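Subject: Handing over the structure

Dear colleague,

I am passing on the structure that I have been looking through, and below it you will find what turned up. Please keep it open beside this email as you read.

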Amino acid sequence: MRPAVGPDAVVDTGKKTTPPAQNDLDGATLFDILGNERRRACLYCLAEHGTALSVSTLGKQVARAVADAETDSDELYDSVYISLCQTHLPKLDAVGLVEYEQDRKRVCQGPRFDAIRDQFEAARTPREQAAESLRAETIVSVLTVAIGGAAVASPPTARTVLLSGLVGIHLFVLILGSASPFRSSD
């Protein structure tokens, strides 16, 4: 009897492959998974969104994350989309980091996603953290100048209200900054 070849060779046994327990994600596996820029970008996007995404949406975001100035964005998107569907998402699904529904072209965080979540937060560079801080500081600075200028040019009763608002804005930003989950402890 000859073995079946081609599409008929695959038999659905009805068994679902389950990834090993979360703590079995060893360093070599993590190194292999995170060693690819597209897989890192894919996981980072899923960490940022926290919800299921279509592969198309994920592909656009990954393409944007890995693009350089010389790459045609349409060509890159096509390449990213195909590599996500054929290589990266099945590989991430096999280790339980994502749940990839091939038939619906949807992907979400898998049962072992928390194994890498801390690494994404720890991998945030001081430059990324400073950029977030700089954005808030820039907004507060612009508001300070605008409200301060309006307070100087306004009558005394309006000046009191404007300056009180300015103090409130600064307190709000201070509270928001101290509650940030990415705030460094150093």
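Before anything else, a residue is called buried when its relative accessible area is under 20%, exposed when it is over 50%, and partly exposed in between, with a 1.4 Å probe and protein chains only. By that scale arginine 104 is exposed, since its relative accessible area is 52%.

Please bear in mind that this is a predicted model, in which local features need pLDDT of at least 70 and side-chain atom pairs count only at pLDDT 80 or more, while totals for chains, interfaces and linings use all residues. Residues are numbered from 1 along each chain as its sequence is written, and side-chain values use heavy atoms, with hydrogens and water left out.

The overall layout

The chain has 7 helices and 3 strands, where helices (H or I, at least four residues) and strands (E, at least two) are DSSP runs numbered from the N terminus. Of the 186 residues in the chain, 25% are buried.

Helix H4

Several of the findings involve helix H4, which covers residues 73–94. Leucine 84 lies in this helix and counts as buried, because its relative accessibility is 0%; its C-alpha atom is separated by 9.4 Å from that of valine 62, which is 22 residues away along the chain. Aspartate 93 also belongs to helix H4, but this residue is partly exposed at 30% relative accessibility, and between its C-alpha and that of valine 107 there are 9.1 Å in space and 14 residues in sequence.

The search of the whole structure gave 1 aromatic pair, a term for rings of Phe, Tyr and Trp (its six-membered ring) whose centres lie within 6.5 Å, with planes under 30 degrees apart counted as stacked, over 60 as edge-to-face and the rest as tilted. The pair is made by tyrosine 77 and tyrosine 81, whose ring centres are 5.9 Å apart and whose planes stand at 40 degrees, so it is tilted. Both tyrosines sit in helix H4, 4 residues apart, which is about one turn of the helix, and tyrosine 81 is partly exposed, with a relative accessible area of 23%.

Charges

How many salt bridges does the structure hold? There are 2 of them, a salt bridge being a side-chain nitrogen of Lys or Arg within 4 Å of a carboxyl oxygen of Asp or Glu.

One joins the side chains of lysine 91 and aspartate 32, with 2.9 Å from N to O. This pair links distant parts of the chain, as lysine 91 is in helix H4 and aspartate 32 is in helix H1 (residues 27–34), 59 residues apart. Lysine 91 is partly exposed with a relative accessible area of 31%, and aspartate 32 is partly exposed as well, at 37%.

Another salt bridge is formed by glutamate 101 and arginine 104, and here the closest N and O atoms are 2.9 Å apart. Glutamate 101 is partly exposed at 29% relative accessibility, whereas arginine 104, as said above, is exposed.

There is also a patch of negative charge on the surface, where Asp72, Asp74, Glu75 and Asp78 gather. Such patches are made of residues with over 30% relative accessible area and no salt bridge, like charges being joined within 9 Å and nonpolar side chains (Val, Leu, Ile, Met, Phe, Trp, Tyr) within 5 Å. Aspartate 74, which is in helix H4, is exposed with a relative accessible area of 55%.

Two further places to look at

Lysine 105 lies in the loop between strand S2 (98–101) and strand S3 (106–109), and its phi is near 55 degrees, a positive value in a residue other than glycine. Most residues other than glycine have a negative phi. Lysine 105 is partly exposed, at 32% relative accessibility.

Lastly, isoleucine 147 is found in helix H6 (residues 126–153), where it is buried, with a relative accessible area of 15%. The C-alpha atoms of isoleucine 147 and leucine 162 are separated by 6.3 Å, although the two residues are 15 apart along the chain.

Conventions. Accessible areas come from the Shrake-Rupley method with a 1.4 Å probe; for residues, only the protein chains shown count as cover. Lys and Arg count as positive and Asp and Glu as negative; His and the chain ends are not counted. The place of a charge is taken as NZ of Lys, CZ of Arg, CG of Asp or CD of Glu.
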